[in-house]
Amino acid sequence: MESALANAAAISDQRQKIEQYKHILASLLSSSPPDISQSKRFIDHMVSDEVPLVVSRQILQTFAQELGRLDAEAEKEIAHYVLAQIQPRVVSFEEQVVVIREKLAELYETEQQWSRAAQMLSGIDLDSGIRIVDETYKLSKCVQIARLYLEDDDAVSAEAFINKASFLVTGSHHEVLSLQYKVCYARILDLKRKFLEAALRYYDISQIEKRQIGDEEIDEDALEQALTAAVTCTILAAAGPQRSRVLATLYKDERCSKLKIYPILQKVYLERILRKPEIDAFSEELKPHQKALLPDNFTVLDRAMIEHNLLSASKLYTNISFEELGALLGIPPQKAEKIASRMIFEDRMKGSIDQVEAVIHFEDDTEELQQWDHQIAGLCQALNDILDCMTNKGIAVSL
């Protein structure tokens, strides 16, 4: 190897020099098993001052493209070694680094090492001042990295790249990337337990009318999954007026009646108290982060169901003692009082708490709605009287 490299370095004609190095490289790649030590020696020589930059770039580009011929472990070891040796002069070898990182990411992806694959791609300099990087390429890499992190439920790392993508997606006309961006964003909101926002994003995705976007085919199962995710996130969202509005939208959507979780959607929308068997059945459809334990020792599901049942109880009772409310919700009275006080404070439930008597008084908004209805009826009647008066006086009325 040493003599072959020395002979190649001594050749003055650049074309012949490149051909000689390619011949050495071909023999290295075809050896079985791969000679890793000799490959490393070849790399050291390529990045040294003995080889002109124009030659080393071309040879390392070929080397990077041919790495896939090696077995997985050899490819990983040699590729990582190349990246380490190039690092001090990375500005001179940006194209080669991109190819190597993409090859390694593809390899890690086949091994389902999602975060390793994402980390490898995140090392690509998308804001290079040396290379001209297409905006679509930048967007595709940001979305791909986010998707890989999401495979490992790493919402924090994924969000960093989706935020970068958000500046690029507005000016993009690439429909497939825009759809992938929307899906990633919805999943990030879901993982961060921003359930109501996630539900709206999922519902928006479920309403896609096209069945073919670019090279990607949108099947009914994917849309149904998005709709199911929208329903699930809405049920898990904090009980209150905003959640009720989204529940109404979903309940009125005919597609939801065909979903497996429709029975619980119906009960939640109709503000009925949910019993343990129904909650347990719903729990089986949830993902791990949707059942995670919170600092107050309730799971995400527990908190959502307790708040829902408390809101439902406020429609059934005028007042209830802490003791009875705790028994109804299946939790200690002190915790029932704490949850109720928080919901009242956040204006998600109408009511007041009498701590002396240990009673919660619920306020009914039916009277307000009836008053609103009377006001609308009065306005309509007044308008009708004006129109009748105009007609009696012979004034033409155009409707």
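This is a predicted model: local features need pLDDT of at least 70, side-chain atom pairs count only at pLDDT 80 or more; totals for chains, interfaces and linings use all residues.
Lys 76 forms a salt bridge with Glu 111, where the closest N and O atoms are 3.1 Å apart. This pair links distant parts of the chain, because Lys 76 is in helix 5, residues 72-86, while Glu 111 is in the loop between helix 6 (94-110) and helix 7 (114-122), 35 residues apart. Lys 76 counts as buried, at 11% relative accessibility, whereas Glu 111 is partly exposed, with a relative accessible area of 29%.

Next, the side chains of Glu 102 and Lys 141 meet in a salt bridge, at 3.4 Å from N to O. Glu 102 lies in helix 6 and Lys 141 in helix 8, so this pair ties together parts that are 39 residues apart in sequence. Here Lys 141 counts as buried, at 10% relative accessibility, and Glu 102 counts as partly exposed, at 26%. Elsewhere, Glu 307, Arg 342, Glu 346 and Arg 348 are linked in a network of salt bridges.

Let me turn to the aromatic rings, where a search of the whole structure finds 5 aromatic pairs. In one of them, the rings of Phe 42 and Phe 63 have centres 6.2 Å apart and planes at 90°, so the pair is edge-to-face. Phe 42 lies in helix 3, residues 36-46, and Phe 63 in helix 4, residues 53-66, so the pair ties together parts that are 21 residues apart in sequence. Phe 42 counts as buried, at 0% relative accessibility, and Phe 63 counts as buried too, at 3%.

Tyr 251 and Tyr 262 have ring centres 6.1 Å apart and planes at 5°, so this pair is stacked. The two tyrosines link distant parts of the chain, with Tyr 251 in helix 13 (residues 241-252) and Tyr 262 in helix 14 (residues 262-269), 11 residues apart. Tyr 251 is partly exposed, with a relative accessible area of 24%, while Tyr 262 is buried, with 18%. Ring pairs also bring in Tyr 269, which forms a cluster with Tyr 251 and Tyr 262. A ring with a charge is found at Phe 298, where the charged end of Lys 335 sits over the ring, 4.7 Å from its centre.

Finally, two helices. Helix 16, residues 300-316, has 17 residues and reaches 25 Å from its first C-alpha to its last, close to the 24 Å expected at 1.5 Å a residue. Helix 16 is mostly covered, with 13 of its 17 residues buried.

Helix 10, residues 175-191, has 17 residues that should span 24 Å at 1.5 Å a residue, and its end C-alpha atoms are 24 Å apart, which agrees. Helix 10 is mostly covered as well, with 12 of its 17 residues buried, among them Val 176, Leu 179, Tyr 181, Cys 184, Ile 188 and Asp 190. Against what do the buried residues of helix 10 pack? They pack against helix 8 (135-151), helix 9 (155-169), helix 11 (195-206), strand 1 (212-213), strand 2 (216-217) and helix 12 (220-236). Helix 10 is followed by Arg 193, whose phi is positive, near 65°.

Key: Residues are numbered from 1 along each chain as its sequence is written. Side-chain values use heavy atoms; hydrogens and water are left out. Rings of Phe, Tyr and Trp (its six-membered ring) pair if their centres lie within 6.5 Å; planes under 30 degrees apart count as stacked, over 60 as edge-to-face and the rest as tilted. Helices (H or I, at least four residues) and strands (E, at least two) are DSSP runs, numbered from the N terminus. Buried means under 20% relative accessible area, exposed over 50%, partly exposed in between (1.4 Å probe, protein chains only). A charge sits over a ring if NZ of Lys or CZ of Arg is within 6 Å of the ring centre and within 35 degrees of the ring normal. The expected span of a helix is 1.5 Å times one less than its number of residues. Contact means heavy atoms within 4.5 Å. A salt bridge is a side-chain nitrogen of Lys or Arg within 4 Å of a carboxyl oxygen of Asp or Glu.
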